Each structure stands twice: as C-alpha cells, then as structure tokens.
Amino acid sequence: MSIAATASPLSVGRILRVNHAGEYGAVRIYQAQLVVARVVARDLVAFLEHTLAHEIAHRDRFRGLMAPRGVHPCGAMPVWGIGGFVLGFVTGLLGRTAILTCTEAVERTVHHHLDDQLAALGHDDLELSAVIRDIQTEELQHLKFAENGARADVGIGRIVRPLVAGSTAMLIWLSTYGEAWLLNRLLRNRTR
C-alpha cells in the first residue's frame, strides 16, 4: 500500500498547481537575475540563461499535465511571479554570491519537496512521477553548480540562504494549504 493511500497527502491537483506555480516563480527569479547579472556578474549569464531555459520547460511540462487532469493554475500565481521577480532582482543587485546562494537555497528546498511528492504519489500517477523525476534531475544540476560557486556560509550568503529557503517553503505551504508540511511530517515519522 502506498503512502498516498494512507497518509492523506497532496492531491495530484495540488502537486501540479504548486509545481507549475513554483516553476513560474523560478522563471521570474532567473529573468530578473539575468537583467542584473549582465552588469554585476557577467560570468553567471550563461548559467542563468541555461537554467532559465530549463525552468521555462519545467513550467510548460507541468502546465501540459494540468488540463488532462482537470487542474487549473494555482490562485497564488501573482505572488509567485512578483515574489520571484523581486527575489531575483534583489539577489542580483547583491552580486554573484547572492545569486548563487539564492539558486542553492531554492533548489535545495524544492528538491526535498519533490522527494516528498514522489513518495506520496507512489504508483498513483506514473506519468506525473516520471516528469517530476526528470525535472528533479535538472534541478539537481542547478543545485550542484550553485553549491560549487556559492560561498553561502560567509557574508551575504548567511543572510540570503535562510530568507530564500524560508520564503520558498512558505509559498509552497500557502499554495498547498499547508498539506506540504503535513506530508513532510508524515513521511519523516514513517522513516523513524
């Protein structure tokens, strides 16, 4: 019996809504960072362009899975969009370390969230699970690059990391009506 059948986890609809919204937010982060990086961190422009292309493709893949399942976009899309742009612009202004720390914090938070979703889905929606795994592979590439280049344990990184991770987790919570944290807690209790 899968966890999905016993733990009242996120519904497929909520998984799709939050993932689509999150990818939209990520698109906005990278768009804003690119604008600023062209001036303050030119060495990151290629990485940001590459990552932005991934995020656009991820957003579109989740969107493509929504209509066949009768799922509509998240009501918090404007928050994800505005929040993502502001976060990207501010971290861009703060420079290279803040840009990479932002990527590291977002991707680490999202990676754990996707792990929880895969555990919750079990065998309930194999197509969605396969898409999440594919996307997670690319998100891990972004995380590894950011970890290798960021000095998140010093200076501005010490401030940016918890703020970005916390705001990402908060938006996930808001977009799933708190079910994401309930799912996380249920999964952690099962592994003890």
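Let's begin with α5. This helix is mostly covered: 20 of its 26 residues are buried. Buried means under 20% relative accessible area, exposed means over 50%, and partly exposed is in between, with a 1.4 Å probe and protein chains only. Helices here are DSSP runs of H or I, at least four residues, numbered from the N terminus.

A word on the source. This is a predicted model, where local features need pLDDT of at least 70, side-chain atom pairs count only at pLDDT 80 or more, and totals for chains, interfaces and linings use all residues. Residues are numbered from 1 along each chain as its sequence is written, and side-chain values use heavy atoms, with hydrogens and water left out.

Back to α5, residues 96-121. How far apart are its end C-alpha atoms? They are 37 Å apart, which agrees with the 38 Å that 26 residues should span at 1.5 Å a residue. That expected span is 1.5 Å times one less than the number of residues.

Leu121 belongs to α5. Leu121 is buried, with a relative accessible area of 3%. Just after α5 comes Gly122, with a positive phi of about 55°.

Next, salt bridges. By that I mean a side-chain nitrogen of Lys or Arg within 4 Å of a carboxyl oxygen of Asp or Glu. How many does a search of the whole structure find? Nine.

Take Arg161 and Glu104. Their side chains meet in a salt bridge, 3.0 Å from N to O. Arg161 is in helix α7 and Glu104 in helix α5, so this pair ties together parts 57 residues apart in sequence. Arg161 is partly exposed, at 33% relative accessible area. Glu104 counts as buried, at 3%.

Now Glu147 and Arg108. Here the N to O distance of the salt bridge is 2.4 Å. Glu147 sits in helix α6 and Arg108 in helix α5, so parts 39 residues apart in sequence are tied together. Glu147 counts as partly exposed, at 31% relative accessibility. Arg108 is partly exposed too, at 32%. Salt bridges with shared partners join Glu104, Arg108, Glu147 and Arg161 into one network.

Arg59 and Asp60 also form a salt bridge, at 3.1 Å from N to O. Arg59 is partly exposed at 21% relative accessibility. Asp60 is partly exposed at 43%.

Now a charged residue without a partner. Glu139 is in helix α6, residues 126-149. Glu139 is buried yet has no salt bridge. Which side chain of opposite charge is nearest to Glu139? Arg61, and it is 10 Å away. For charge, Lys and Arg count as positive and Asp and Glu as negative, while His and the chain ends are not counted. Leaving aside neighbours within four places in sequence, Glu139 is in contact with Glu23, Glu55, His58 and Glu107. Contact means heavy atoms within 4.5 Å.

Last stop, the surface. Ile82, Val86, Val90, Leu94, Ile156, Ile159 and Leu163 make a nonpolar patch of about 620 Å². α4 gives the most, with four residues. Ile159 lies in helix α7. Patch residues have over 30% relative accessible area and no salt bridge; nonpolar side chains (Val, Leu, Ile, Met, Phe, Trp, Tyr) are joined within 5 Å, like charges within 9 Å. Areas come from the Shrake-Rupley method with a 1.4 Å probe, and for residues only the protein chains shown count as cover.

Terms used: Helix = DSSP H or I, 4+ residues; strand = E, 2+ residues; numbered from the N terminus.
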